[in-house]
Amino acid sequence: MRGHILRLVVGSGCWYTVTGLINLIHDWSGHCHPASVTLPNGLRPNQRISCHRAGGVWLGFDISGHCFLLIMSNLWIIEELGCMQHWNKLSEILQLHKSNEPNQSTNTSGIRHVSEQELNIMRSAYRRLTSVIRLIFSFTACLSMLWDIMFLSTVIYFHTMPSKLLGTALGVACWFLFYRVIFRSCPTGYWGGFAPGLPGDGPIKFVLN
């Protein structure tokens with residue numbers, strides 16, 4: 001559970017940092033239009049907020065935060081839900097479907113350093129939580145489809161092509177940096193127990209990478 005929460009915290013940190021950077025670039029690269037707009041003290045607005053309050057329009061390079069957030073969020077969801085395609089494999093490893101033959105050996109090849117008591121707890125949790133997890137999976141998949149539609153609408157109706165491409169590239173870069181480099185190179189338990197690892201990491205190996 002800690003690994004999942006840490007990955008969500010990292011994703012939230014990416015969102016906060018990159019959107020802050022996008023706003024800074026928009027402010028630094030812009031100017032207030034038209035040139036006749038002035039503040040009550042007679043000076044030209046040099047910030048976006050003061051420009052809007054004076055009735056002007058701030059013209060700057062506005063990297064698409066919508067494209068960034070929608071792409072990064074969808075890639076994050078795909079990674080987090082990817083282990084669900086191996087969920088039945090977890091059932092086999094936990095031996096939920098036991099053979100009627102008493103002498104048949106059980107499949108424990110995916111289990112690492114887990115006691116029988118811990119296995120019993122996992123079996124019980126699997127039975128209780130599988131339906132809820134599949135319901136959450138279905139809801140999140142629908143949410144991902146909605147975000148795909150929102151992304152398509154953004155591409156068609158909003159922003160310029162360079163700003164959309166750069167926003168999309170930032171979203172892909174955040175996903176690649178963490179899920180293909182950092183999380184993959186530091187399994188769960190590293191960094192003093194704070195490394196989140198990849199979804200599916202744990203004492204039972206059921207995700208086929």
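A salt bridge is here a side-chain nitrogen of Lys or Arg within 4 Å of a carboxyl oxygen of Asp or Glu. The structure examined is a predicted model.

**Exercise 1.** State how many salt bridges a search of the whole structure finds, and characterise the one between Glu80 and Arg7.

*Solution.* Step 1: the whole structure contains two salt bridges. Step 2: in the bridge between Glu80 and Arg7, the N to O distance is 2.6 Å, and the cut-off is 4 Å. Step 3: Glu80 belongs to helix α3 (residues 65-81) and Arg7 to helix α1 (residues 2-28), so this pair ties together parts that are 73 residues apart in sequence. Step 4: buried means under 20% relative accessible area. Glu80 has 17% relative accessibility and therefore counts as buried; Arg7, at 1%, also counts as buried.

**Exercise 2.** Locate the salt bridge between Glu79 and Arg180 in the chain, and decide whether Glu79 is buried or exposed.

*Solution.* Step 1: the side chains of Glu79 and Arg180 meet with an N to O distance of 3.0 Å. Step 2: Glu79 is in helix α3 and Arg180 in helix α6 (residues 161-185); the pair links distant parts of the chain, 101 residues apart. Step 3: with a relative accessible area of 15%, Glu79 is buried. Step 4: the value for Arg180 is 34%, so Arg180 is partly exposed.

**Exercise 3.** Give the number of aromatic pairs and classify the pair formed by Phe178 and Phe183.

*Solution.* Step 1: ring centres must lie within 6.5 Å for a pair, and by this rule there are six aromatic pairs. Step 2: the ring centres of Phe178 and Phe183 are 5.7 Å apart and the planes stand at 45°, so the pair is tilted. Step 3: Phe178 and Phe183 are both buried. Step 4: one aromatic cluster is formed by Trp76, Phe178, Tyr179 and Phe183.

**Exercise 4.** Which residues does UniProt list for "transmembrane region", and what is the helix content of residues 132-159 and of residues 165-183?

*Solution.* Step 1: the unreviewed UniProt entry lists residues 132-159 and 165-183 under this term. Step 2: in the model, residues 132-159 are 93% helix and 0% strand, with end C-alpha atoms 39 Å apart. Step 3: residues 165-183 are 100% helix and 0% strand, and the end C-alpha atoms of this span lie 26 Å apart.

Methods. Residues are numbered from 1 along each chain as its sequence is written. This is a predicted model: local features need pLDDT of at least 70, side-chain atom pairs count only at pLDDT 80 or more; totals for chains, interfaces and linings use all residues. Side-chain values use heavy atoms; hydrogens and water are left out. UniProt positions are given in the numbering used here, feature names are shortened, and annotations may be inferred rather than shown by experiment. Helices (H or I, at least four residues) and strands (E, at least two) are DSSP runs, numbered from the N terminus. Rings of Phe, Tyr and Trp (its six-membered ring) pair if their centres lie within 6.5 Å; planes under 30 degrees apart count as stacked, over 60 as edge-to-face and the rest as tilted. Buried means under 20% relative accessible area, exposed over 50%, partly exposed in between (1.4 Å probe, protein chains only).
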